[in-house]
Every structure is written in structure tokens, then in C-alpha cells.
Amino acid sequence: MNDYDRLLGSMGFPIDYQLGRSVISAAAEHKRKVIYEGCKNYVVKLECLKDNKVVGFFNGFMYHDLPLILTSGHIDCYAGATNYFALFYEGTALQQKVELKPLKFGQPAGVQQTFDGIPYNAHDPDLALFESSHNPVHGCRPFGAGQPSVGATVFIIGFKDKEEPQLSISEGHVSYVGISCFHVAAYADNGYSGSPVFNADGYVIGMVMAGDGHTNKNVVVVPTTTIDNWLRLGEISHPGFRG
């Protein structure tokens, strides 16, 4: 048993002496696994193509029983992309690659912008909706959770690299809550844009928009309330989140 678990025991926390770690720690690991296993079948990797060449990648997720995929709005024309594909994995094995049909973007937010020298079309809110010909096989996770509170534990799940075939999970804490976004202190590479964010009960509470930093990032998240309003309102309405 390590010093950390001895300290927990001295403070009155339950300890599993056979495993040599705190029961609380084991429960946290179990929760991470449950959330990960519950979402891995509908989080998808998105590729941006220009002249049949991959020029960028994002994360996205299927939020409805219909083949609809949500992701970040700055996927629009990212690095001059004209076509978008969704990659569906089973574990680390690629099962299917499907071309996507753009359905809706946030309002254009001025002139074309750049990130690390890469041009893209900015939108407000930073949201995009695509349609896939691949129907969800598994039921979607529950949605409709309200705004999180500062200090709450959250989980970000997505593909962290364009060459990475395995989903990863990153745990963090809410550091700021605003009207149209909230911030999470967690590790999330730039490729995590479009990844779903879960609370500790396994409810989707938002989507990664952007992040600053390298190791302990300040991740900006669009809440589900903003996404739901954007989906339902406008000239063309689409299904919102399930309650």
C-alpha cells in the first residue's frame, strides 16, 4: 500500500487493503470506464479533404437516433476542405468511412480566420451539423443536463490525433461557467474539437470548442442548452437533444 492510501485510511476513508488502494479511487476508475464504454460507439473521427487529400481532422458525435453528427463549426472550409468524411471504428479497427452532407452551420462570424496558419470559416455559435448515411447502431447517451457548477468533475472523450485509431478519455474540472460557454481544466489536444463532454453521471453537457495551453489546458465548451437552441431554431429546424 502506498503512502497516499495510508493517508486516506488515517483520515477515515474506506480502504481495500487487499488491492492496496482506496475504494474511492477504485469507484472513480470504474465510473470512467462505464462512461467510456457507453459512448465509444457513437463518437466518430471526422476527416477534412481537399483534392482527395486529408488536410485536417475533428471529432464529432451522433446525438440522435437519426444519422446526425454534431461537431465544431470551424470545420467549415478548414485548410480549404471541400469534402468531409466520418470514420467509424470498432475498437481500433476501422469499420466504415462515410461521406457527410453538411446540414447547418452557425452564423458566419466575419472574414476567414486562421489557426496556426491554417485558414477556416468561423461561425457563431461554433457549431456544425452533418448528415451521415450510416445509422447509429447503439442508442445514444442521455442528454439534457443543465449547466455544471464550478469544480464539477467532467470527462472529455475523443480521438486525440489524426493517426490515432483508439478513443481516449480525459478527466478535468469545470473552472468557469458563463452564459454561452463554460471552461474545463483538462488535457485535450487541438484535435479534440467537436468531442462530447460528460458530467460525472454520464450525461452529455456540452461539446469542446477550443483549448489553450499544452499540458493543463483551458478547454472552452459549448453547453447543451446553446446547442439545443441552435438546432431547433432558425430557418431550418432539426431535432434537438433528447430530454
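Select Glu47 first: this residue is buried, with a relative accessible area of 13% (buried means under 20% relative accessible area, exposed over 50%, partly exposed in between, with a 1.4 Å probe and protein chains only). The model is predicted, so local features need pLDDT of at least 70 and side-chain atom pairs count only at pLDDT 80 or more, while totals for chains, interfaces and linings use all residues. Residues are numbered from 1 along each chain as its sequence is written, and side-chain values use heavy atoms, with hydrogens and water left out.

Lys97 forms a salt bridge with Glu47, and the closest N and O atoms are 3.1 Å apart (a salt bridge is a side-chain nitrogen of Lys or Arg within 4 Å of a carboxyl oxygen of Asp or Glu). The pair links distant parts of the chain, with Lys97 in strand 7 and Glu47 in strand 3, 50 residues apart (strands are DSSP runs of E, at least two residues; helices are runs of H or I, at least four; both are numbered from the N terminus). Lys97 is partly exposed, with a relative accessible area of 42%.

Strand 6 (residues 83–90) and strand 7 (residues 93–99) run antiparallel and are joined by six bridges (two strands pair if DSSP finds at least two bridges between them). Within this pair, Phe85 stands opposite Glu99 in strand 7. The hairpin has two residues between the strands, and Gly91 takes a positive phi near 70 degrees there.

Go back to strand 3 (residues 43–50) and select Val43, which is found in that strand. Val43 counts as buried, at 4% relative accessibility. What is Val43 in contact with, leaving aside its neighbours within four places in sequence? The list is Asn59, Gly60, Phe61, Ile157, Gly158, Phe159, Leu167 and Pro196 (contact means heavy atoms within 4.5 Å). To relate Val43 to Leu87, draw a distance between their C-alpha atoms: the separation is 9.5 Å, for residues 44 apart along the chain.

Next, select Arg32 and Glu171. Their side chains meet in a salt bridge of 3.0 Å, N to O. Arg32 lies in helix 2 (residues 23–39) and Glu171 in strand 13 (residues 168–177), so the pair ties together parts that are 139 residues apart in sequence. Arg32 counts as partly exposed at 25% relative accessibility, and Glu171 is partly exposed with a relative accessible area of 36%.

Move to helix 3 (residues 224–232) and select Asp228 and Arg232. The two form a salt bridge, with the closest N and O atoms 2.9 Å apart. Because they are four residues apart in helix 3, Asp228 and Arg232 are separated by about one helical turn. Asp228 counts as buried at 15% relative accessibility, whereas Arg232 is partly exposed, with a relative accessible area of 42%. A search of the whole structure finds three salt bridges.

Finally, clear the selection and view the whole chain. The protein chain has three helices and 17 strands. Of its 243 residues, 47% are buried. Among contacts between residues at least 6 apart in sequence, 61% join residues at least 24 apart. The accessible surface of the chain comes to about 12,000 Å², and 52% of this belongs to carbon and sulfur atoms (areas come from the Shrake-Rupley method with a 1.4 Å probe; for residues, only the protein chains shown count as cover).
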